[in-house]
Amino acid sequence: MTEYKPERKKRFVKKKKDPVSISDLKAGVLNGDRSHLAKAITLIESNAEEHYALGQELLQELLPHTGNSFRIGITGVPGAGKSTFIEQFGEMLCEEGLRVAVLAIDPSSSISGGSILGDKTRMEQLSKNPRAFVRPSPTAGTLGGVHRKTNETLLLCEAAGYDLIIIETVGVGQSEVMVRQMVDFFLLLVITGAGDELQGMKKGIMELADVLLVNKADGENKPLAEKTRRELNQILHFLVPATKGWSSKAYTCSALKNEGLKELWDVVRQFEEQTKEQGVFEERRLLQKQEWFQTMLKERILSDFFYHPGIKSSLPRLEDRVRTGDFTTSQAVEELLRQYKQAILDGNRSF
């Protein structure tokens, strides 16, 4: 009689992921392969220390192949139809033979950390276009982090050969300034009812715009859109131009009806030609590199400070002493800085 032996359960061993090959990623990105580009961006977005080093190595390899795209920043008031506009505008440019990348700054919930914008869902048609690439950039609640990641993602898209990079932001104020520091041309999308809209729109955001575009100018709304355009042009007349030598103006369009988009593209090309002829284009690019360097330096210093083991251990104690009134806020700050400076001088990783 055959002895019964219970069947052994198969053990599933989780396979280790293959190490990232910088040479493979570089070749794939330069060939314009979207899957390799997506992997490269994921590497850049990772907060892991080892991934940061690899990401910077990849960027260094690709840097000579960047800088050839035209960069557009797009923002707008809630309900202005940014997603529809970007999708229709991108589709039109793809039909003209251009390659278009869309980087949508996606604010993440400060509580759950989850993204609240589904850009690939909102731009489903454009996402499927082989000449386009759509990528949301979750901020995880920190603009500093998205500044670095979006800027570096922009460079990867340029190395991949995209002719036009569109950066979309949600229109919350601070992010507009950040995006303005990355792009060549900044577009503010609005809708009818200039008086009501402008009450909720900071003057500073208007001063960033090279063009104001009144969307949804169709049907019964068209006369109102024209009225809004005229009102905006009156206001722009008194504002400092966003770009030296360029006169910012308001136009109308209907992304839904695909009207006014070709005229807008003519304005964009005129802007590019004019700013390049006057040297303003290159001057802005150089200034942006300088601002980017300073931003990265500040971010790195802050990161090193707050992740220092000594700071992490001393900070709660000093916060308690401020709460109990043993230290003033200034005294606590000075004490923390003193400890940090001393630790750096002594070469210590902890206090």
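pLDDT is the predictor's confidence in each residue, from 0 to 100.

**View 1. Confidence along the predicted chain.** This is a predicted model. The mean pLDDT of the chain is 85. A value of 70 or more is reached by 81% of its residues. Among the elements of the chain, helix H12 (residues 261-277) has the highest mean pLDDT, 97. Helix H9 (residues 194-199) has the lowest, 50.

View 2. Residues 1-15 have a pLDDT below 50. Beyond near neighbours in sequence, this stretch has zero contacts in the model. Residues 108-119 also have a pLDDT below 50. Where pLDDT is low, the predicted coordinates should not be read in detail.

**View 3. The whole chain.** The chain has 351 residues, and 43% of them are buried. Its secondary structure comes to 15 helices and seven strands. Take the contacts between residues at least 6 apart in sequence: 77% of these join residues at least 24 apart.

**View 4. Helix H1 against helix H3.** Two packed helices are described by the angle between their axes and the distance between the axes. H1 spans residues 22-30, and H3 spans residues 49-62. They pack at an angle of about 45 degrees. Their axes are 10 Å apart. H1 passes H3 in a right-handed crossing.

**View 5. Residues at the H1-H3 contact.** H1 contributes Ile-22, Leu-25, Lys-26, Val-29 and Leu-30. H3 contributes Leu-54, Glu-57, Leu-58, Glu-61 and Leu-62. By class, the contact of H1 with H3 has seven nonpolar and three charged residues. No polar residue takes part.

**View 6. Lys-216, a residue with positive phi.** Lys-216 lies in a loop between strand E6 (211-214) and helix H11 (222-236). Its phi is positive, about 65 degrees, although Lys-216 is not a glycine. Is Lys-216 buried or partly exposed? Its relative accessible area is 37%, so Lys-216 is partly exposed.

View 7. Asn-258 is found between strand E7 (249-252) and H12. Phi of Asn-258 is near 60 degrees, a positive value in a residue other than glycine. The relative accessible area of Asn-258 is 44%, so this residue is partly exposed.

Methods: Residues numbered from 1 in each chain as written. Predicted model: local features only at pLDDT ≥ 70, side-chain atom pairs only at ≥ 80, totals over all residues. Heavy atoms only, no water. Axes fitted to C-alpha atoms, helices over the stretch in contact; angles between N-to-C directions. Helix = DSSP H or I, 4+ residues; strand = E, 2+ residues; numbered from the N terminus. Left-handed = near helix turned anticlockwise from the far one by under 90°. Contact = heavy atoms within 4.5 Å. Nonpolar A, V, L, I, M, F, W, Y, C, P; charged D, E, K, R; others polar. Buried < 20%, exposed > 50% of the residue type's maximum accessible area, 1.4 Å probe, protein only.
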